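Here is a short briefing to read alongside the model. Have a look at the sequence and the fold, then walk through the points below.

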Amino acid sequence: MGTELKKYKYRGSVKSFDKIINEDYYAETLAVSPKKAKSNFIYRYKIEHGLLPESKISLPGLVQEIDWARNIKRRKYYDN
């Protein structure tokens with residue numbers, strides 16, 4: 001199928017029901033798309049902070065693709 005994994009990072013706030021619960025969260029993940037990366041970040045945050053899977057969490061910041069071969073960021077930004 002040729003699904004290529006790319007490396008993404010997120011640095012920004014975390015919200016629960018429109019209330020900021022963490023002002024500076026940072027995480028990296030491998031994913032096939034920015035949308036899947038954002039889903040991974042949300043899931044990881046819930047697990048790391050002992051929240052239930054059905055907890056409402058949102059990441060209002062940008063997901064950024066980075067060059068994982070050289071760990072140099074590419075200038076591609078995604079908000080969805």
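Helices (H or I, at least four residues) and strands (E, at least two) are taken here as DSSP runs, numbered from the N terminus. With that in hand, the protein reads β-β-α-β-β along its sequence. Please keep in mind that this is a predicted model.

**Overall make-up**
- Of the 80 residues in the protein, 32% are buried.
- The accessible surface is about 5,700 Å², and carbon and sulfur atoms hold 51% of that area.
- Among contacts with a separation of 6 or more, 45% are between residues 24 or more positions apart.

**Strand pairing around E1**
- Strand E1 (residues 6-16) runs antiparallel to E2, and ten bridges join the two.
- E1 and E2 make a hairpin with two residues between them; in this turn, Phe 17 has a positive phi of about 50 degrees.
- E1 is also antiparallel to strand E3 (residues 63-67), with four bridges joining them.
- Tyr 10 is a handy landmark: this residue stands opposite Ala 27 in E2 and opposite Val 63 in E3.

**A nonpolar patch on the surface**
- Leu 5, Leu 30 and Val 32 together form a nonpolar surface patch with about 240 Å² of accessible area.
- Val 32 lies in the loop that links strand E2 (19-31) to helix H1 (34-48).
- Val 32 counts as partly exposed because its relative accessible area is 45%, which falls between the limits of under 20% for buried and over 50% for exposed.

Note on methods. Residues numbered from 1 in each chain as written. Predicted model: local features only at pLDDT ≥ 70, side-chain atom pairs only at ≥ 80, totals over all residues. Heavy atoms only, no water. Patch = residues over 30% accessible without salt bridge, like charges linked within 9 Å, V, L, I, M, F, W, Y side chains within 5 Å. Areas by Shrake-Rupley, 256 points an atom, 1.4 Å probe, with all protein chains shown as cover. Salt bridge = Lys/Arg side-chain N within 4 Å of Asp/Glu carboxyl O. Buried < 20%, exposed > 50% of the residue type's maximum accessible area, 1.4 Å probe, protein only. Pairing = 2+ DSSP bridges. Contact = heavy atoms within 4.5 Å.
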